[in-house]
Amino acid sequence: MQRRSLLQLVLAGLFGTRLPAILGPAAAQEPARFDFQTVIDRARAAASAPFQSPAMTLAPPFADLSYDQYRAIRFREDRRLFGDGGRGFQMDLLPPGGVFTDRVEIAVVQGGIARPIGFSTDYFDFAPQYFPYPDGRAPSGPADGLGFTGLRLRASINRPGIWDEVAVFQGASYFRAVARDTLYGLSARGLAIGTGEPTPEEFPLFTAFWVEEPLPGASSLKLWALLDGPSVAGAYQIEISPGSATAMEVRSVLFPRREIANAGIAPLTSMFYFGPESRAGIDDFRNAVHDSEGLWIVSAEGERLWRPLRNPAAVEVSAFRQDNPRRFGLIQRNRDFGWFQDPEARYELRASAWVEPASPWGNGAVLLFELPTGNEFSDNVVAFWRPEAPLAAGSEQRFDYRLTWGPLPGEEAPIARIVATRGGRALGDPEERVFVIDFELGMIDPGSLTPQLTATTGTVTGLSIAPLPGGTLARVGFHFRPEPGQFSEFRLTLASGHSAASETWLYRWSPGG
């Protein structure tokens, strides 16, 4: 799936704000008390039976749509949920069509009661240049057999009275969010299964959402989601607080139908096409093209690791042993337009995202998957935490964490930070490479620092550190002669006496890379 690939009938007296009517079969359901335990019970029950696909057979006007046609279907602004003003949030419901063919149940929770929303074509405007409706309205009323495919949340995070998108949940268990003054870039998922395996990857689905009606002036919004797929069912509670950083407090309970040895917890998915250290064969006017620049990990012991992302010649997998990690994420570290030189994509504004477990997760590893790509339109990077022990069939597995979207994570202590990695062929020797790594030192004296570098294969010479002109940057450089046909893993830190004074730079050299 490509990454850029998404009422009136008000029932008087049912809600104290503008909400859609309950239509069709949903109206026959009796209101019942609702909380997170309701979703947990439903997930547990789902796991005791075979998975039932929610795939729809699409009918006009939603059938056989191109990418542009699907984007030309818009949720009507006058039908936005919670749109009476002062609620802190508004919500759009997303239509079926294109690659989005799985039905998603959506309900609103008010006062502890969940009431489902029935699907209707009345919610949408259809652009006349793509659809045979001069007024932009399809034939009115319910559409049998069809349903919503996700939801979009809005809040005034940038300017008062302007309802910007803050999060979208659509497609399998994918979702993404932004913070103030950032743009959509990478995505998150509820769960990954079988990423990078020889057999096809499994994509569990969010098959139902319950959204709590926000109170006047609310600064956070809570929603619940039911996950289901051939191997697992699960319950999620996500409380979203947008702002200069948008935080999601995630609680998840998983019920595996089978043993799952290849699960990915809190997966993040992004795009890295090229940067200044890896643009061989790429003819492009821009300096760099990526939604995320590096994998960032803070270990249980407090070591901070920085692994620059790559666009490899073949699929590559890296595993970083991390028992009870403090944090990990995919970060867009360079926030300067000059790094990218793209006034349309504005990659310098793409949000970063990082995960902080709410309690110890146990033994496991952060895995990084890098896939080759020939363009900037497909996600080719995946990172998540994998537990060492398989998820046992019939068990109950809980993973709670905070997922934060924003420009950059705050630093826990003032140490030197990696801001750029560059590499190229050495002058006069086509078999030798030159690498330079730039560190932001802050108040640290570069004269007090000693670079320490190891490589698993090949020969390293000329290791040095020197300040750069005009500021607080220092550059570490070295020459590297690889062994023919061999990978090499680099590990570099700056030491001050016997103590680490920088992040740890991790990098993989691969033949042809």
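**View 1. Salt bridges of the predicted model, with the pair R80 and D92.** The structure, a predicted model, holds 34 salt bridges. In one of them R80 is joined to D92, with the closest N and O atoms 3.3 Å apart. This pair links distant parts of the chain: R80 sits in the loop between β2 (73–75) and β3 (90–94), D92 sits in strand β3, and the two are twelve residues apart. Both R80 and D92 are buried. The two residues also belong to a network of salt bridges that links R80, D92, R152, R154 and E165.

**View 2. The salt bridge between E376 and R286.** The closest N and O atoms of E376 and R286 are 2.7 Å apart. Because E376 lies in the loop between β24 and β25 and R286 in the loop between β17 (272–274) and β18 (289–290), the pair ties together parts that are 90 residues apart in sequence. E376 is buried, as is R286.

**View 3. The salt bridge between R307 and E370.** The side chains of R307 and E370 meet at 3.0 Å, N to O.

View 4. V315, V317 and L371 make a nonpolar surface patch of about 220 Å². L371 is placed in the loop between β24 (364–370) and β25 (381–387). Its relative accessibility is 34%, so L371 counts as partly exposed.

View 5. S187 is in strand β10, which covers residues 187–189. With a relative accessibility of 11%, S187 falls under the 20% limit and so counts as buried. Leaving aside residues up to four places away in sequence, S187 touches Y174, F175, R176, P267, L268, T269 and W405.

**View 6. An open sheet of four strands.** The strand order is β27-β28-β31-β30, and the pairing is antiparallel. β27 (417–426) and β30 (459–467) are the edge strands, each pairing on one side only. From one strand to the next the twist averages 15°. Strand β30 runs antiparallel to β31 (residues 473–481), and seven bridges join the two. Within this pair, I465 stands opposite V476 in β31.

Technical notes
Residues numbered from 1 in each chain as written. Predicted model: local features only at pLDDT ≥ 70, side-chain atom pairs only at ≥ 80, totals over all residues. Heavy atoms only, no water. Buried < 20%, exposed > 50% of the residue type's maximum accessible area, 1.4 Å probe, protein only. Contact = heavy atoms within 4.5 Å. Pairing = 2+ DSSP bridges. Axes fitted to C-alpha atoms, helices over the stretch in contact; angles between N-to-C directions. Patch = residues over 30% accessible without salt bridge, like charges linked within 9 Å, V, L, I, M, F, W, Y side chains within 5 Å. Areas by Shrake-Rupley, 256 points an atom, 1.4 Å probe, with all protein chains shown as cover. Salt bridge = Lys/Arg side-chain N within 4 Å of Asp/Glu carboxyl O.
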